[in-house]
Amino acid sequence: MGEKSKAFIERLLSLTKERAFLAWTGSFFLCLFVVLINQVYSGNFTGNMDEFAVGRVADRDIIAERNISYIDEDATRLLIESNIRNVPAVFHYSASVSDDLKNRWIHFAAFAEEQMDTAESLQGFILAIQTEFPHYFPNDILTLLYYDENWEEIIRDCGIIFSQIVDRGIFSMPQAGIDYLNPEILELFRLSGTRIEQERLRIRGVIFGNQSPEAIRDQLESHTFNTSLHLLAYELIGPFLRPNIFFSLEDTDRNIAAIRANTEPVFRHIEQGMHIIRRGFVITQEEMDNFLALSLNVSSSNIPLNFAHTLFLLLLFALLYFFSGRQIIGRKLKDSEAYLVSGLTALYIIGSVLVKNITIMSIPGSILIPTALIIMLPAILIHPRLALLLAFALPLGAFLIGSFDGQSYFFALVSGVVASYSLQQAEKRMDLVKAGLLIAAANLVSMTAVLLWQSSPASFFPGALFWSGFNGIACGMLVLGFLSPLEHALKAATSFRLIELSDLNVPILRKLFTTAPGTYSHSIMVANLAETACLDIGANPLLARVGAYYHDLGKMENPDYYVENQTSYNRHDDMAPRLSATVIRSHVKLGVEKARQLKLPQEVIDIVSEHHGNSVISYFYDKALKQEDSNKAAISMDDFTYPGNPPQSKESAVVMLADVAEAAVRTLEKPNAGKIEKFIQELISRKVETDQLVKSELTFRDLEVIKNAFVRALAGYYHSRIEYPKLENDNEQS
């Protein structure tokens, strides 16, 4: 086997591990199943299926022409469910998570002991702990620890309790629950060296994530500890306890699959000559089941057509999978986006199959399918070019598998193409209604063409035109209902979502204004700079503006520690440089946490995370070097480095540059255009030299355009005022 063949096989194997590939594969098989079942169901193997139903009197006899055995699905399902009920849930003990938990506790214990020795006051001790471990402990608990004479013993004993609980393990209950499995026993796997230990535990004897307080209490009651420990143990240990034993869906499903595979199905038998349905008798459910089984076992007379439909579906899904990403929109689809597109494709194909046999006054069946809705959602949430691809591919796929005739295909094609272009400049949700009206107008024109093409009588026109117009308007209205939940589910930075977030009256920005007015003003100025620069380089100005508004949310926690919010007193004058850097660095992490709590789009969260990159806080680093002049080796640059990644997009990089430019230019004395230009050039060069822009896709031409945009905006903001001559009579001054 050649190297190319091996590489191709390896590529195919790697695809099977991608979630997007699995989503497309699942959608394909679902559509294929529906198409084939529809073909079988539509076949005239025993007459019209509609003439038989449970509770109806049969008009004729149905007799089995051969022996047939078929699986009783209901009985088999009940048997499998009964067997699955005895399968224990499988959990895995995570040594890495356990080590992380222990290391985190060790870090806290060491840090607390260090602060006990070095902190000059209770306030200093509390501030240091809260800075290193924000939101972990109430201040009153830290006060009790600080003043307790046996604090070393307390921390040591807490460590013992903590290690025992972690070694025993805290179970994470899966979100979906394990009620369908064995209610009394679970199975636990531990990796001990190279050996895997397996044990079965009673569910009543294990600790789940919400039972940490009970586990601490049991440890306290089983040993003799200091009295103070009973007051402090819950609050000191609790924040560090996290589940370290996790449900293994894969292993559990493997056991369930084995049960399914080993469970013998329950068969029903139909003998040749047996009356399946008797004329003149009421049809029972059992007779109807036998009739359906007989129908499904009749060989299809149109195997080549079914095979052709399978190939058409395979080509449709394969082309959409390989071309809906980088080739069309310039990037790979996210997993959530792949789920959306593959799901919409499956819904469209299945919908076309279901309406295939519905005819309304010779009107095309596609009038019942919201083609425009299926196209508008990816146009808004992902990219218009992808929507245009779907507008061409989906109606064609429905046509090739026989769900659409020529008229239906034409109507759906026009509706989809117009939908993909109707949202080009949409910025408000009302624009979706306008897009619906535009689609309705296009539907009316295409339907008129179809009716004239078919030489339909005049009586068909009013109803056909009404439903075609209603189809477009309904799509515009329905997209309003689907858009908001999909925006949040995909964390999509649509123009509608960004415009909502750019409103300065949203509660979080109002809170920023009241708690950190300097940061608020700084964010507004950064937003103006970033938007101006993005307009000039062709990036997304709205995304840059929103990202700039929210990039410093983390400063709301301790606003007085940032220079833009200070008046005369600088808190950092009385702090060690390393501690000051820790406080400054923390605003990035806190900002990301707040952004996630607010469920901001991922692109905005990325800007919050990346607006300082992994640059060094040089002011405090240099200050530390000066203070430790004799022992510079003890100063680690990592302690003074922001915990983020360099910007991954143009918008994120522009916000980074705007942030540092606005903050730095404020330090210039009597700024003018020349000073500002030189200063900004130095700042940008510094970011380039430290590899902060290497992943942002900004070119040197873009950087020059950005610099000019910043200079233009800042020079206009800091322009020198004309000095008017002093008037002799002060009363004449205005």
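Biologist: On what basis are the values given?

Modeller: The model is predicted, so local features need pLDDT of at least 70 and side-chain atom pairs count only at pLDDT 80 or more, while totals for chains, interfaces and linings use all residues. Residues are numbered from 1 along each chain as its sequence is written, and side-chain values use heavy atoms, without hydrogens and water.

Biologist: How many helices and strands are there in the chain?

Modeller: Helices (H or I, at least four residues) and strands (E, at least two) are DSSP runs, numbered from the N terminus. The chain has 29 helices and 10 strands.

Biologist: Which residues of α10 are buried?

Modeller: An α-helix has 3.6 residues a turn, so residues three or four places apart point the same way. Buried means under 20% relative accessible area, exposed over 50%, partly exposed in between (1.4 Å probe, protein chains only). In α10, Asp251, Thr252 and Ile256 are buried. They lie on the same side of α10 because they cover an arc of only 140° around the axis, taken from the directions from the helix axis to the C-beta atoms. Glu250 and Ala261 are exposed on the other side of α10.

Biologist: What do the buried residues of α10 pack against?

Modeller: Their partners are α3 (73–84), β3 (89–93) and β8 (245–247), where contact means heavy atoms within 4.5 Å.

Biologist: How many disulfides does the structure hold?

Modeller: A disulfide is a covalent bond between the sulfur atoms of two cysteines. With the criterion of a pair of cysteine sulfur atoms within 2.5 Å, the structure holds zero disulfides. Cysteine 31 is buried, at a relative accessible area of 1%, and cysteine 158 is buried at 0%.
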